Amino acid sequence: MATKELKAFTRDEVAKWIIVDSKVYDITRFKDLHPGGAYVLLDEDVAGQDATEAFYGLHRHEIIAKPQYARLQIGFIEGEKPIIHGRINGELSKVPYAEPTWLSDGFHSPYFNENHRTFQKAVRRFFDEVVAPDAAAREEDGKPPSKSVIEAMAKLNIHAMRMGPGKHLKGLELMGGIVKPEEFDYFHEMIVTQELARTGKRGYGDGLMAGSVIGLPPVLNFGSDEIRKRVIPDVLSGQKPICLAISEAFAGSDVAGLKTTARKTEDGKHWIINGTKKWITNGTFAHYFTVGCKTDNGFTVILVERGEGVETKAIKTSYSPTAGTAYITFDNVKVPVENTLGPEGGGIFVMLSNFNHERWVMICSSARSQRLIVEECLKWTTQRKAFGKPLHSQAVIRSKMAAMISRVESVQNWLESVTYQMNNMSYKQQATKLAGPIGILKMHATRSAQQTATDAVQIFGGRGITRTGMGEHIEHYHRTVPFDAILGGAEDVLGDLGVRQAIRGMPKDARL
């Protein structure tokens, strides 16, 4: 595509145009089409002037970078160069606290090594270039994530890496060979999860096979050899997603209160499943369902394949339909007993061991999403003028920013400590020792997130409750942040879980 020749101008020559970051724009024909009206562009502080400050007080940088507006540029100011740029694909942000400490210039970490850093660079570039554009489009139109993105992720084995370290990675080339399967750890998985969260599109983040992240581990860890050989390749290729179907209208955090039943046929060869599940992520487009059922001898987890008797309906929630949130009906669904995951009646252990990883993933996402909001607020308080001064000149604003930063840093640092423990514990040890700490950490993370969302709206004002424009990320975050507090277990339930586990561990001779 040919580029037009740009001419150099003196400032005196641009009286009928505007200047933004040393670039000269002819708005003669555009002014009447301006969404904010021509009056704004004809203001004496804008027309023929350097309108950089005025522009960035009203618009995000990506607006002026759009082709329909970039074409209005007719030249540049002689002797000056642009200094403002938007997010650069694959690059780290220079905004303080916009990146976790281990990625910040001049800081060090006891947990992350050079391979993690190389891996992070590749993952970020992939998500910036391939995933982020699709995330923005699908979050808006509500369609499932594009097949091309799913396939691109499968090619790099990103779906497999999102399941964590394990035997399922053996023989795979991970991220083009950057990390060997036997060296892949939970910090690598944290990187993948947090780079996805950085797209800032909550519904899309769940739509991008989040159901598989929580639905496949029971198959990986408790499925028969035959089931694993058949199902795992289907899911990790992205061709046949799986979802976790536990919650019901009758029972959420109270897993023991589930009413979906599974009864054996007279010959003992099949389960007959009846019941409903609600708020199931990816349920509308999943092919497999990891289903929690009440059986004669307790609670049992069974793998169900979409087919006769399985019906899914979309549920409208406060985030995008791209997540595929579903209401599922099982009507006399016949399933081979070989599809049982773990022992009959032993489903509680299957689910409790799975909950740790599910909640840890949610904490990873929550920590990174909060950091994105901190970055947005730091940028906004710097470029927004109030009473003739930057917004951050107000002490009350600085106080809110201090609280936001302290919250996100506390979540990230605690998360890294827990992740280190995961790297040095067996799956069974994690289930025994980390359920309480992870539960309390998730409670802390989601409560911190909701307070940060509230503070961010106050900082952005009306823009923070507007779906487009300067505060679009703030509005989206404030609207969707409650999902983190509910999915994977409500805050109060998880906090109580952690305290009860601590009480059980109290030594009998402990006294004041």
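Predicted model: local features only at pLDDT ≥ 70, side-chain atom pairs only at ≥ 80, totals over all residues.
By class, how many nonpolar, polar and charged residues does the lining of the second largest cavity have?

View 1. Residues are numbered from 1 along each chain as its sequence is written, and side-chain values use heavy atoms, leaving out hydrogens and water. Searching the whole structure turns up two cavities of 30 Å³ or more. A cavity here is a set of points, on a 1 Å grid over the protein atoms alone, where a 1.4 Å probe fits but cannot get out; lining residues have an atom within 4 Å of a point. Grid points are joined across faces, edges and corners, and a volume is the space filled by probe spheres set on the points.

**View 2. The largest cavity, about 50 Å³ in volume.** Its lining includes Pro100, Trp102, Gln120, Met190 and Arg368. Two or more lining residues come from each of α5 (114-141) and α8 (186-197), and α8 gives the most, with four. (Helices, H or I of at least four residues, and strands, E of at least two, are DSSP runs numbered from the N terminus.)

**View 3. The second largest cavity, with about 40 Å³ of space.** Look for Val20, Asp21, Tyr56 and Ile84 among the residues lining the second largest cavity. Here β3 (23-25) and α3 (61-65) are the elements giving two or more residues. And the reply: five nonpolar, one polar and two charged residues, where Ala, Val, Leu, Ile, Met, Phe, Trp, Tyr, Cys and Pro count as nonpolar, Asp, Glu, Lys and Arg as charged, and the others, Gly among them, as polar.

Terms used:
1 Å grid on protein atoms, 1.4 Å probe; cavity = no way out; pocket = protein on both sides within 12 Å on 5 of 7 lines; lining within 4 Å.
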